[in-house]
Amino acid sequence: MPSEPILRCEKLSKRFGGVHALENVDLVLHRGEVLALAGDNGAGKSTLIKIISGVHPPDDGALFYKGEKLRLRNPRHAREIGIETIYQDLALADNLDVGANVFLGREPTKSFLGLQRLDRARMRAVAHEVLDTLDIDIARHKFVQPVRNLSGGQRQAVAIGRAIYWKAELLIMDEPTAALGVPEQRKVKELILRLKAQNVAVLFISHNLVDIFDVADRILVLRRGIKAGERRPSETDHNEVVRLMIGG
Amino acid sequence: MAAAARVADDEGGQHPALAFLIRAWPWLFLIGLCVFFESWSRASYGVTFLGNTFNLQSIALFAAFPLLLGLGQTFVIIAGGIDLSVGFVMGLAAVVMARVMQYTTPVDPALALALGILAAIAIAMVPGWINGTLISRLRVPPFIGTLGMFGVARGAGFLIAGGTTVPVNNPWLFAMGNERLFGVPIPVAITLLVVVAMHWTLAQSKFGQYTYAIGGNRIAAVRSGINVRRHTLLLYMISAGCAGIAGMIYTARFSAGAAQAGEPILLDSIAAVVIGGASLFGGSGTILGTLIGALIIAVIQFGLVFINVEPFWQFVAVGIVIIVSVLIDQSKGRLTGERKDAE
């Protein structure tokens, strides 16, 4: 085992009304590791990432972040301590430009006649810089346009860039490759591996077994709220993972 | 998908002139209107339309009320909402201000004006707060919530006014409504101050940025840690505050408060916002756009009167402009290659 895990979940449970969305799920994630979360619809994947990103408090069980017990107050709290979440298609304000999206909710300002004015030049410059470090190609003139004019992969990159700029140490991604064309899927997978190389821990949900086997170090399979199994891609195959997902 | 994006890129690059036309059309249209009325009045009556200070002041005064209501409305519409109550909130503020001043003017006219102004703004905040709370906390759709408040404010205004107008005889109030500062009517000067403050807030502050973000993607805004509920509440209070200022100016101009003061102005204010380029789906719009929209409406209204056209044509003309402005907005995507979410 490498050093202390960045995230450890112990016996997480969550009920919605009478439905057990999650029951006694354990999870361990290390820095620089990519963990895939697989499971059929309603298996509890979304509930699990929502607990880790601070949207829902767990009913039972505990989170340990960098070795310390963690009680998340809200998503903002999670982000402040380095847990960033990228939702499938709800991450960006489509009517704002790249810089505004990277800084959404945390805009830099400068003083102007005693008033705090948005520092758009800085927002734009930083957005350039961040996307450069991720080796993302976005035409210069696109930076001043609303992000709705970007392609799906570029938009995903902006969301990832935002997470990186804000020093994400644990990045949660919900279906990062869904709704993308094949070349763009490959780009996003490259990005995930680049994040891994930068020692970021990545937890991602995917329905796409090819993607999972391409980038994950481990695969955690959920079935109806319980942990159906955990495998390394080298020790398993698509058939076994599907079997774990659907049972039998 | 990538291929589609590239095609859009190319098209966007090929039509910079068209893109400019679409962005600048309200300005061009305003200039066109002025040229039209100028030439018509010179040809038919041998007088100038714009070269006349009285005309300019009248147009500015015509524009002031829809503009004031439109300023707050711009914020609300950009965030994806609508405020139908502003017209009667304006009337309520006008009536309350007049009532307060009726009682206090015999004591001290200057103090009475101060109290009246405070009362107008304060009373407007009540429906604003209720609207905001209904919409942000209790999830009432803005159209319905503010339509309800439309009725409540209307009834309250008429009840407080006793069913008639509420006259005030106060020289300070009259001065505020009818005097000029360096040639600018004081109501217009006040309106311009509000325009500058609102423009700065929308275009330069975090508050403005969050307003756009909420209209663009409410869930993304929530997830970015923006306090969307509080922000939404503030938006409706800003809208009501603008209505309060409009009510205050109304009472000053006419030395009387009337519950129906803002009734015909509500739709003009929404029209000004839409003509100015805001989308009723939220996410876009500017204060400058609303300013131009209000001026276009005022020039049409005043210009048609000036060239002696039957006043009912005003409604037709303004209606056509609204429809055309929305058509232009709709065709933006096709003409410039910009993507739209609605499609």
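A:Glu33 and A:Arg218 are both buried, where buried denotes under 20% relative accessible area, exposed over 50%, and partly exposed the range in between (1.4 Å probe, protein chains only). The structure is a predicted model, in which local features need pLDDT of at least 70 and side-chain atom pairs count only at pLDDT 80 or more, while totals for chains, interfaces and linings use all residues. Residues are numbered from 1 along each chain as its sequence is written, chains are lettered from A and ligands numbered from 1 in the order in which they are written, and side-chain values use heavy atoms, with hydrogens and water left out.

A:Glu33 and A:Arg218 are joined by a salt bridge, their closest N and O atoms lying 2.8 Å apart; the term denotes a side-chain nitrogen of Lys or Arg within 4 Å of a carboxyl oxygen of Asp or Glu. Because A:Glu33 belongs to the loop between β2 (19-29) and β3 of chain A and A:Arg218 to strand β11 of chain A, the pair ties together parts that are 185 residues apart in sequence. Helices (H or I, at least four residues) and strands (E, at least two) are DSSP runs, numbered from the N terminus.

Strand β3 of chain A, residues 34-39, is mostly covered, with 6 of its 6 residues buried. In a regular strand, side chains alternate between the two faces of the sheet. In β3(A) both faces are covered: A:Val34, A:Ala36 and A:Ala38 are buried on one side, as are A:Leu35, A:Leu37 and A:Gly39 on the other. Pairing of two strands requires that DSSP find at least two bridges between them. β3(A) pairs in the parallel sense with strand β10 (residues 201-205) of chain A over 4 bridges, and A:Ala36 stands opposite A:Phe204 of β10(A). A parallel pairing over 5 bridges also links β3(A) to strand β11 (residues 218-223) of chain A. Within this pairing, A:Leu35 has A:Arg218 of β11(A) as its bridge partner.

A:Leu222 has A:Lys227 of β12(A) as its bridge partner. The hairpin of β11(A) and β12(A) has 2 residues between the strands, and A:Arg224 takes a positive phi near 45° there.

Over all chains, a search of the whole structure finds 17 salt bridges. Side chains of opposite charge can pair when their charged atoms come close. One of these contacts joins the side chains of A:Glu10 and A:Arg8 at 2.5 Å, N to O. A:Glu10 is partly exposed at a relative accessible area of 35%, and A:Arg8 is partly exposed at 29%. A further salt bridge connects A:Glu190 with A:Arg194, whose closest N and O atoms are 3.9 Å apart. Both residues lie in helix α6 (residues 182-197) of chain A, 4 residues apart, about one turn of the helix. A:Glu190 is partly exposed at 35% relative accessibility, and A:Arg194 is partly exposed at 24%. Elsewhere, salt bridges that share partners join A:Glu33, A:Arg218, A:Lys227 and A:Glu230 into one network.

Surface patches were also examined. They are made of residues with over 30% relative accessible area and no salt bridge, like charges being joined within 9 Å and nonpolar side chains (Val, Leu, Ile, Met, Phe, Trp, Tyr) within 5 Å. Accessible areas come from the Shrake-Rupley method with a 1.4 Å probe, and for residues only the protein chains shown count as cover. Lys and Arg count as positive and Asp and Glu as negative, whereas His and the chain ends are not counted; the place of a charge is NZ of Lys, CZ of Arg, CG of Asp or CD of Glu. On chain A, a patch of negative charge gathers A:Glu129, A:Asp132, A:Asp135 and A:Asp137. A:Glu129 is placed in helix α4 (residues 120-133) of chain A and is exposed, at a relative accessible area of 54%.

On chain B, a patch of positive charge consists of B:Arg137, B:Arg139, B:Arg218 and B:Arg229. B:Arg139 occupies the loop between α5 (109-136) and α6 (142-161) of chain B and is exposed at 60% relative accessible area. A nonpolar surface patch is formed by B:Phe20, B:Leu21, B:Leu28, B:Ile31 and B:Val35, together giving about 470 Å² of accessible area. B:Val35 lies in helix α2 (residues 16-45) of chain B and is partly exposed at 47%.
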